Amino acid sequence: MGADSDAGASPAVPWRKVLYERQPFPDNYVDRRFLEELRRNIRVRRYSYWAVVRETGLVSQQLSCVALFLTLWSYMEQGNVGPLTLLWTGLGCSVLGYTLYEALGGGIDRERTRCADLQSAAVFMAFTFGFSPVLKTLTESVSTDTVYAMSAGMLIAHLASFPYTQPSLPGSLSLNAALFASVCLASRLPGTLHTFAMLSCALLVFALWPCLLQRLRHTAEWTFPWAAGMVCVCGVVGVGTLWPAGALLLFLALVILTLVCPLLLVRLQRHKDNIHGPWDEAEISDDLSRFLS
Amino acid sequence: MGQRKRVNVQSPVPCPSETQPFSPHTHSSTEIPHHTHAFNTSGHHGYLQSGKHSICMVSDFFYPNMGGVESHIYQLSQCLIEKGHKVVIATHAYGERRGVRYLNNGLKVYYLPLQVMYNQSTATTCFHSLPLLRCVFVRERITVVHAHSSFSAMAHDALFHAKTMGLNTVFTDHSLFGFADLSSVLTNKLLTVSLCDTNHIVCVSYTSKENTVLRAALNPDIVSVIPNAVDPTDFTPDPSCRDSSKITIVVVSRLVYRKGIDLLGGIIPELCAKHPDLCFLIGGEGPKRLVLEEVREKYQLHDRVRLLGALDHKDVRDVLVQGHIFLNTSLTEAFCMAIVEGASCGLQVVSTRVGGIPEVLPDELVTLCEPTVSSLCVGLEKVIARQRAGKVPSPAAIHRQVQTLYTWRNVAERTEKVYDHACRQPVLPLPARLRRLRSHCGAVAGSIFSFVAVINFLFLLFLQWLFPNHLIDVAVDASGPGGRWGRGFGKEESKDPIVARCAVEDTRRLKC
């Protein structure tokens with residue numbers, strides 16, 4: 001039974017993986033069945049390249065949304081676009097989007113009346129309009145550099161914390177970060193109406209568009225790549241009209257995100273070597289909350 | 001809870017020094033030099049020639065902490081002393097318990113003043129414990145360092161230092177570990193580094209061996225499987241304690257996630273609804289107690305689910321004998337002592353089929369289920385039905401069957417062979433050790449730890465220059481071939497006046 005017993009003499013009885021029996025093998029005996037219960041990569045998912053590309057579309061379009069928003073802000077700041085133009089366009093887009101949203105969610109029972117929707121929109125607009133003079137002067141005492149740095153940080157935080165997993169609405173952290181950045185940027189615009197227009201635009205881009213996109217993905221899956229692609233193109237073209245080199249950079253970033261990263265993931269998946277066996281901690285698969293609710 | 005340790009088992013000799021006060025400065029070199037001359041006759045070579053070893057067990061986990069590792073170290077040490085080996089234990093200080101203490105039969109315990117970091121494990125810097133541990137190893141003329149538990153930083157430190165000092169090393173792994181998350185990747189790398197030049201490794205079950213071999217990338221031939229044991233005289237059945245009007249399911253376990261207490265929270269309402277004469281007796285404490293209390297509240301089961309709270313080890317048997325069925329819902333377990341204790345008390349055992357549990361008891365003594373509520377309920381109902389029909393063997397019969405399965409004497413016998421084997425292995429000299437580290441642990445980790453090993457070696461040389469080995473006093477052997485325990489050690493009325501005086505001085509210095 002010892003570590004050094006005569007392993008040479010092969011006993012007639014086969015080895016068993018039990019401890020309660022004294023077996024005629026040394027303690028350090030290694031049977032042929034050693035590690036036979038080892039399983040490799042049992043929970044590894046095989047990804048197809050195009051499926052991953054489709055999913056990364058969400059990340060790319062969110063990046064383009066941010067670029068688009070910054071372009072609009074830039075136009076406003078330079079005075080190339082008036083606040084009224086932006087407001088009317090925004091209104092048009094939101095009516096269009098709302099109709100589309102309603103049309104796609106036809107089968108779903110509504111919990112809210114349309115009147116309630118209209119009411120919240122009105123309250124929101126009224127408050128933003130009322131407070132826009134305050135928001136306009138909010139960051140007056142802060143230097144412009146600081147405001148820009150803060151907005152940049154917040155937009156990066158928005159991109160990092162956006163819940164990309166399906167299905168999801170804009171998470172509170174990402175939405176708050178985006179709105180904070182919008183308030184900072186909007187306060188640097190020339191007039192109060194500008195501020196109001198910019199904030200409404202931010203709500204449209206960061207709060208309402210992801211909802212519509214999610215519904216698109218949910219009910220009419222084929223439209224999603226088109227929608228994401230369109231946003232990407234708009235983003236690149238928009239940046240291009242102001243800063244061609246930036247547009248090139250954005251384009252490259254989008255290509256890397258949508259085409260190269262998935263390729264890398266699929267390629268590296270091959271090298272995955274995950275081992276499982278009886279030593280793994282068992283996972284509780286039951287839904288135990290039913291016993292307490 | 002199921003594996004709480006006992007301190008006064010197996011040895012009729014009372015524990016004389018357990019309660020005596022003692023000073024924190026213990027292994028200092030303030031002892032009178034004539035000890036050295038009086039007892040220096042058996043050096044390293046003396047031990048090897050007599051076929052006996054001078055063993056130092058090192059682990060962060062020891063009494064007064066409770067658990068499977070602590071119990072294992074204590075019982076194994078006692079049986080090794082019985083076989084004539086010298087055993088000392090090194091652990092970190094537990095609160096006021098610092099310095100040197102003697103347990104039964106001259107089992108000497110060094111409670112070293114090392115800083116505890118997390119979960120009773122000490123911090124590791126790879127170096128700071130070298131002076132203290134070197135002192136212990138030299139003073140006690142250690143030939144084999146036996147480290148326990150991969151969670152113990154002190155055990156890994158001791159292995160590292162022992163190899164630097166050229167001592168033979170053995171390591172016992174008591175737990176299972178996954179491979180999936182970042183923390184396990186890091187710990188497994190450290191284990192690889194720690195075990196790549198260790199002479200022999202012991203695991204408590206075959207599953208544990210597979211796990212350790214994979215984690216540390218070892219050659220399976222240097223890993224032995226020696227199960228834990230349970231003292232059958234501690235866990236004797238007593239059917240008269242049972243309430244025969246109902247069926248009692250006993251659970252004795254820490255109430256934590258890994259013990260599957262969430263599953264238990266699902267089983268209780270399910271079974272209580274079906275069997276009006278069923279009740280649960282749950283011993284143990286932990287964060288998951290809340291789950292059980294919530295279940296009890298929601299289903300109004302206060303009279304049928306009794307939560308006993310934390311149990312002392314001596315009370316575990318008295319709780320076990322009140323039940324008919326022992327239930328274990330662990331999600332992972334290297335070797336489950338609790339189910340052996342339950343079976344030893346004559347209970348029908350129902351357990352999850354995880355880790356090394358299927359290896360522990362023969363099929364007629366245990367009902368194994370998948371770790372789901374439904375599977376455990378099916379298993380329990382089968383046993384309940386058998387119990388009602390009276391088709392179960394008597395508790396005494398089960399006890400008779402279990403009592404011979406796992407004994408500490410057998411464990412000690414097998415561990416002794418591991419020591420013999422380890423002592424015949426060469427301890428790698430520094431250049432070979434560096435080569436092994438680099439070839440075995442990958443380029444980055446290997447190079448880093450080669451560097452650490454070199455620094456450790458230089459630090460040892462510095463210490464040897466500062467306090468040369470021959471100036472460190474050799475301690476009086478309490479156990480082992482020249483053991484003085486019970487032969488005037490600590491007693492005034494010894495025959496040999498010099499021995500008596502030295503022994504008394506030694507004990508006084510170490511303990512008072």
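Two strands are said to pair if DSSP finds at least two bridges between them, where a strand is a DSSP run of E with at least two residues and a helix a run of H or I with at least four, each numbered from the N terminus.

The model shown is predicted, so that local features need pLDDT of at least 70 and side-chain atom pairs count only at pLDDT 80 or more, while totals for chains, interfaces and linings use all residues. Residues are numbered from 1 along each chain as its sequence is written, chains are lettered from A and ligands numbered from 1 in the order in which they are written, and side-chain values use heavy atoms, with hydrogens and water left out.

**View 1. Strands E11 and E12 of chain B.** Strand E11 (residues 247-252) of chain B pairs with E12(B) in the parallel sense over 6 bridges, and B:Ile247 stands opposite B:Leu278 in E12(B). Because 6 of the 6 residues of strand E12 (residues 278-283) are buried, this strand is largely enclosed by the rest of the structure; buried means under 20% relative accessible area, exposed over 50% and partly exposed in between (1.4 Å probe, protein chains only).

**View 2. Contact between chain B and chain A.** With contact taken as heavy atoms within 4.5 Å, chain B gives 55 residues and chain A gives 35 residues.

View 3. B:Glu210 and A:Lys17 meet through their side chains in a salt bridge (3.5 Å, N to O), a term for a side-chain nitrogen of Lys or Arg within 4 Å of a carboxyl oxygen of Asp or Glu.
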